[in-house]
Amino acid sequence: MTQARFRGAIAGWPVGHSLSPVVNAWWRRKHGVAGSYEHMPCEGGEAEFRQLVERLKAEEFTGINVTIPHKENAFKVADTVSDRAKALGVANTLVFYDGKVHADNTDEEGFYASVMAVRPERKSRALVLGAGGAAPAVLMALHRAGFENIDISNRTRQKAEGLKSRFECLSEIVDWSKFADNLSAYDLVVNTTSLGMHGQPPLEVDLSAAPDHMIVADIIYTPLETPLLAQARARGLKTFNGLAMLANQAVPGFEHWTGIRPAVTPDLMEHLEDRLLGRIPPVAIALTGSIGMGKSTVAAMFARLGAHTWDADDAVHRLYAEGGAAVEPVAELFPDVIQSGAVSREKLSAHLLANPGDFPALEAVVHPLVAADRAVSFDKAQRAGALSCVMDIPLLFEKHLEKPFQAVVVVTADEEVRRKRVLVRPGMTEEKYRSIVARQMPEGEKIARADYVIRTDLSLEETAAEVSDAYRQILEKYAY
Ligand code: ATR
């Protein structure tokens, strides 16, 4: 290691689901590099991105990866730029040095490595589908890989024409409605459009006329197998998805920052697939704090960083609503609190205020239902490949629920701030407030039991910075 301590990030928006932190952590562990790499959400445009870069420079970050929508901004903020970034006009890797910024673009290298890994036998003609942000790096890589003719097809023909005027290596522009008619001419077809991605329609194409040696590639990795790749595989064609591109584009960044050139090994690829396929449980994070501490605000800050979130109060709302699983058992206990087929929270709370002895009976019914709802949500987070799941549980300590969590985050604020916040809520009275506080563990005790404490009586920026700090530490400790 040539420098004190590595500090990196992936900047973009949204950025929470990026696998870059996983790749970076894998290599750091492998090569014994101390430091951290975090999610750096950056909403907004060029001005916000410039501001972020200035802050990261001041905080002595080593460098960052940059993703949508800031690749152009990353290019613009740089003091020096690599030739390959210049050729593309956008950057995805920044290196901070002597108060300056160097920009590189490693997407071409990422796709180049992916293509070379499948060892194409014939390189006479390739077809690039799509002319969006990802297409230029792909066609440059195909050119470097030795494909003699590279054709392009895009729904909006004009965009393909724009690329043809910029990149000499492009041969023909094929009409979007016709690209499937001449598949037998191609040795490789690559999809760079968003078609086939989770939540998008598939790319409609019939591969039955494709030659047996044709390679079909997709730069998408969510899902790992798009309908296009599934069809190609069923047809017996060689395929590859976008995961190798993702891992390989990270190589030069790690090398810039640490001086070590890491390898994309089969075990790394398997690890990334395991994550995407939901085989790795997310880090279980409990978020708690007394009434009025700002748990929901803090939960939203975790969500912005990519955490899957679940909220016990929301779960109770769902359970009490018409058709909710708690309505029938609660109706059996306290028929007077049911209204229009739902548990009326107002009536229930009035009932409990008058009959505090009824709490245990209610909890015996509701707690197992809430726990089941939480388990379903955790499972969903895992299947989505989430790195973490933050569960907002107001009475975590009081109900002894902290055991299954790897990290417990307590949200706190000055007592006076908190009282004021709560008393302005509709329907809140001093009496009700006192009754709620009486059921909660004293603040000092909660803080003593916390793994991480977040203060909410600061500015929103300061609170967000505390959340970000805690999140980075939690993921470094448990997620990678
Ligand atoms: P960028 O990557 O620059 O953000 P994009 O708008 O996300 O670009 O689009 C990526 C590619 O997917 C483009 O080639 C786009 O085609 P257009 O240039 O015609 O917009 C393509 N694409 C997205 N949805 C599509 C669809 N339903 N049918 C065909 N192509 C589509």
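This passage describes the overall build of one chain and then several of its local features.

The model is predicted, so local features need pLDDT of at least 70 and side-chain atom pairs count only at pLDDT 80 or more, while totals for chains, interfaces and linings use all residues. Residues are numbered from 1 along each chain as its sequence is written, and side-chain values use heavy atoms, with hydrogens and water left out.

The chain contains 20 helices and 19 strands. Both are DSSP runs, numbered from the N terminus: helices are H or I with at least four residues, and strands are E with at least two. Along the principal axes, the C-alpha atoms fill a box of roughly 85 × 55 × 40 Å. The chain has 480 residues, and 51% of them are buried. Buried means under 20% relative accessible area, exposed means over 50%, and partly exposed lies in between (1.4 Å probe, protein chains only).

The accessible surface of the chain comes to about 21900 Å². Carbon and sulfur atoms hold 51% of that surface. Areas come from the Shrake-Rupley method with a 1.4 Å probe, and for residues only the protein chains shown count as cover. A contact means heavy atoms within 4.5 Å. Among contacts with a separation of 6 or more, 68% join residues 24 or more positions apart.

Charged side chains number 53 positive and 63 negative. The centres of the two sets lie 2 Å apart. Lys and Arg count as positive, Asp and Glu as negative, and His and the chain ends are not counted. Each charge is placed at NZ of Lys, CZ of Arg, CG of Asp or CD of Glu.

The entry places "Shikimate dehydrogenase substrate binding N-terminal" at residues 10-94. This span is 45% helix and 21% strand, and its end C-alpha atoms lie 10 Å apart. The entry places "Quinate/shikimate 5-dehydrogenase/glutamyl-tRNA reductase" at residues 123-194. That span is 29% helix and 26% strand, with its end C-alpha atoms 25 Å apart. UniProt positions follow the numbering used here, feature names are shortened, and annotations may be inferred rather than shown by experiment.

The unreviewed UniProt entry also gives a "binding site" at S18, L19, S20, T67, N92, D107, Y221 and Q249. S18 sits in the loop between β1 (6-12) and α1 (20-31). S18 counts as buried because its relative accessibility is 14%. Beyond residues up to four places away in sequence, S18 touches I10 and H39. S20 lies in helix α1. Its relative accessibility is 7%, so S20 counts as buried. Leaving aside neighbours within four places in sequence, S20 contacts I10, Y37 and Q249.

N65 belongs to strand β3 (residues 63-66). At 6% relative accessibility, N65 is therefore buried. Its contacts, not counting residues up to four places away in sequence, are A9, I10, A11, Y37, N92, T93 and W257.

Helix α5 covers residues 107-117. Its buried residues are D107, E108, E109, G110, F111, S114 and V115. Just after α5, R119 takes a positive phi of about 45 degrees.

Helix α20 has 19 residues (460-478). At 1.5 Å a residue it should span 27 Å, and its end C-alpha atoms are 27 Å apart, so the two values agree. The expected span is 1.5 Å times one less than the number of residues. Buried residues in α20 include T463, V467, A470 and L475.
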